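I took the entries in the order below.

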Amino acid sequence: MALDIRNRAAIVGIGVSPFGRHLPQSQLALGAIAFKAALEDAGLGRGDVDGLSIHLGWPVGVDYDRVAEAFGLDIRYVNQTWLHGRFVTQSLQHAALAVASGLADVVACVTAVSFTREREILGGPGDHEGTREEGGTHGEAPVYGLTAPAGGAALAMQRYMARYGATSAELAAVPIAIRQHALRNPLALMQKPLTLEDHQASRMVIDPLRLFDCCLVTDGAAVVLVTSMERARDLRQKPVAIAAMQGVRAGRDEFIFAPPNLGINQQPSRSVTPRERDLEVFRRGGVEIADIAGFYTYDAFSPLVLFALERFGFCPSGEAAKWVQGGRIGPDGALPVNTSGGLLSEAHVGGWNSICEIARQLRGAAGPRQLAAAEHLLWGTAWGDAVLFSRGS
């Protein structure tokens with residue numbers, strides 16, 4: 001019999017370190033700041049934490065054994081993923097499954113990174129993962145000279161533009177809207193308004209991606225504490241229920257930074273989104289797409305937002321570039337996206353800054369960014385995995 005995860009686990013504590021570039025603290029020190037803040041937020045002590053889920057380990061982040069030793073934890077459950085941002089969802093899902101199945105009572109999801117300190121491994125000759133025979137973690141193909149992390153997303157967007165007629169000016173609506181969200185968030189690093197003129201005048205990174213289509217390169221940490229819903233009701237904060245989940249998609253028609261069949265490895269270019277199997281998170285959570293008050297996604301590059309919106313059925317294939325116009329995903333829009341500023345304008349903490357923001361929103365504690373009807377929020381990525389969050393009772 002399958003494990004029914006619906007509302008069995010909840011987020012009960014969140015904490016972040018300062019965000020910035022070239023911060024003096026080590027990854028471990030940044031993680032300690034966020035961990036202490038999360039414990040205080042939840043009203044727990046470090047002795048209550050008996051599980052760890054590590055998203056980004058060494059060398060960009062820190063490994064589970066170092067965290068357990070340095071933080072003085074007694075751990076009986078560990079999950080640690082491959083060093084790549086794509087596994088943010090899986091790290092949270094493993095935490096939820098662990099507490100729902102009794103493998104742990106409280107799991108700390110810890111991401112503490114320094115992208116500026118380790119920048120030499122992010123593309124180029126120092127990126128050893130990028131030299132894999134089958135290509136790098138972002139779709140890099142060094143034998144063809146494609147070594148930048150943005151390359152795969154750029155080529156996917158080129159195909160998308162050629163097929164659907166989308167333009168760079170239309171794509172600009174994504175970083176512009178997310179910057180507008182960031183302006184309401186004092187933690188966000190980018191505090192200057194972004195205009196269409198600014199976007200179009202910025203340097204080309206890899207055609208068609210300009211500077212503002214690419215995420216920040218930063219340091220920082222975020223910690224999210226997950227426990228059972230039963231225990232969560234007795235803690236300090238309103239529980240944020242993990243209502244439903246679905247896993248990452250992979251196969252011959254999948255490329256992480258593209259819609260199905262439009263990646264650098266695929267030849268067919270037929271429109272296939274939304275697919276029924278990519279909408280199962282809604283069925284499992286007992287909600288409709290119209291019930292989602294805000295959408296959160298891994299916005300390492302602007303096109304990923306368009307691709308995720310289409311995959312999860314917010315708009316049909318090929319229409320996202322036009323659908324996001326007119327402030328639709330910005331503050332007070334029909335579907336606000338990444339309301340804290342995301343990776344494009346708040347900080348790159350592997351997406352965990354958005355998970356923390358989801359918790360704030362469902363607690364009603366997001367200040368000037370607060371969504372008026374935040375009962376259900378969706379985290380979903382361009383590669384198909386998702387977590388539905390609901391306001392806990």
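**Entry 1: helix α3 and its end.** The model is predicted, and I read every entry with that in mind. I began just past α3, where Gly102 has a positive phi of about 85 degrees. I then went back over the helix itself. α3 has 14 residues and spans 20 Å from its first C-alpha to its last, close to the 20 Å expected at 1.5 Å a residue. How many residues of α3 are buried? I found that 11 of the 14 are buried, so α3 is largely enclosed by the rest of the structure. Among the buried residues I noted Val88, Leu92, Ala95, Ala96, Val99 and Ala100. The buried set also includes the polar residues Thr89, Gln90, Ser91 and Gln93.

**Entry 2: the salt bridge at Asp105.** I searched the whole structure for salt bridges and got 20. I took the one between Asp105 and Arg76, with N to O at 3.5 Å. Asp105 sits in the loop between α3 (88-101) and β4 (106-114), and Arg76 sits in the loop between α2 (64-71) and β3 (77-80), so the pair ties together parts 29 residues apart in sequence. Buried or exposed?

**Entry 3: the salt bridge at Glu254.** I next looked up Glu254, which forms a salt bridge with Arg311, the closest N and O atoms being 2.6 Å apart. Where do the two partners lie? Glu254 is in the loop between β8 (240-246) and α9 (280-285), while Arg311 is in helix α10 (residues 302-311), so this pair ties together parts 57 residues apart in sequence. Both Glu254 and Arg311 are buried.

**Entry 4: a pair within α9.** Arg284 and Glu280 form a salt bridge, with 3.4 Å between the closest N and O atoms. The two are 4 residues apart in helix α9, which means about one helical turn separates them. An α-helix has 3.6 residues a turn, so residues three or four places apart point the same way. Arg284 is partly exposed, with a relative accessible area of 46%. Glu280 is buried at 16%, a value that falls under the 20% cut-off.

**Entry 5: the network.** I checked which residues are linked to these pairs. Glu254, Arg311, Arg284 and Glu280 belong to a network of salt bridges that also includes Arg249, Asp253, Arg275, Arg277 and Asp278.

**Entry 6: α4 against α10.** I turned to the packing of α10 with helix α4 (residues 151-164). Their axes are 10 Å apart and the angle is about 60 degrees. That makes α4 oblique to α10. The crossing of α4 past α10 is left-handed. Which residues meet there? From α4 I listed Ala153, Ala156, Met157 and Tyr160, and from α10 Pro303, Leu304, Leu306, Phe307 and Glu310.

**Entry 7: Val224.** I ended with Val224, in strand β7 (residues 219-228). Val224 has 0% relative accessibility and therefore counts as buried. What does Val224 touch, leaving out residues up to four places away in sequence? I listed Ile11, Gly13, Ile14, Val107, Ala108, Cys109, Trp352, Ile355 and Cys356.

Key: Residues are numbered from 1 along each chain as its sequence is written. This is a predicted model: local features need pLDDT of at least 70, side-chain atom pairs count only at pLDDT 80 or more; totals for chains, interfaces and linings use all residues. Side-chain values use heavy atoms; hydrogens and water are left out. Buried means under 20% relative accessible area, exposed over 50%, partly exposed in between (1.4 Å probe, protein chains only). Contact means heavy atoms within 4.5 Å. A salt bridge is a side-chain nitrogen of Lys or Arg within 4 Å of a carboxyl oxygen of Asp or Glu. The expected span of a helix is 1.5 Å times one less than its number of residues. Axes are lines fitted to C-alpha atoms, for helices over the stretch in contact, and angles run from 0 to 180 degrees between N-to-C directions. Angles under 35 degrees count as roughly parallel, over 145 as roughly antiparallel, 65 to 115 as roughly perpendicular and the rest as oblique. A crossing is left-handed if the near helix is turned anticlockwise from the far one by less than a right angle, and right-handed if clockwise.
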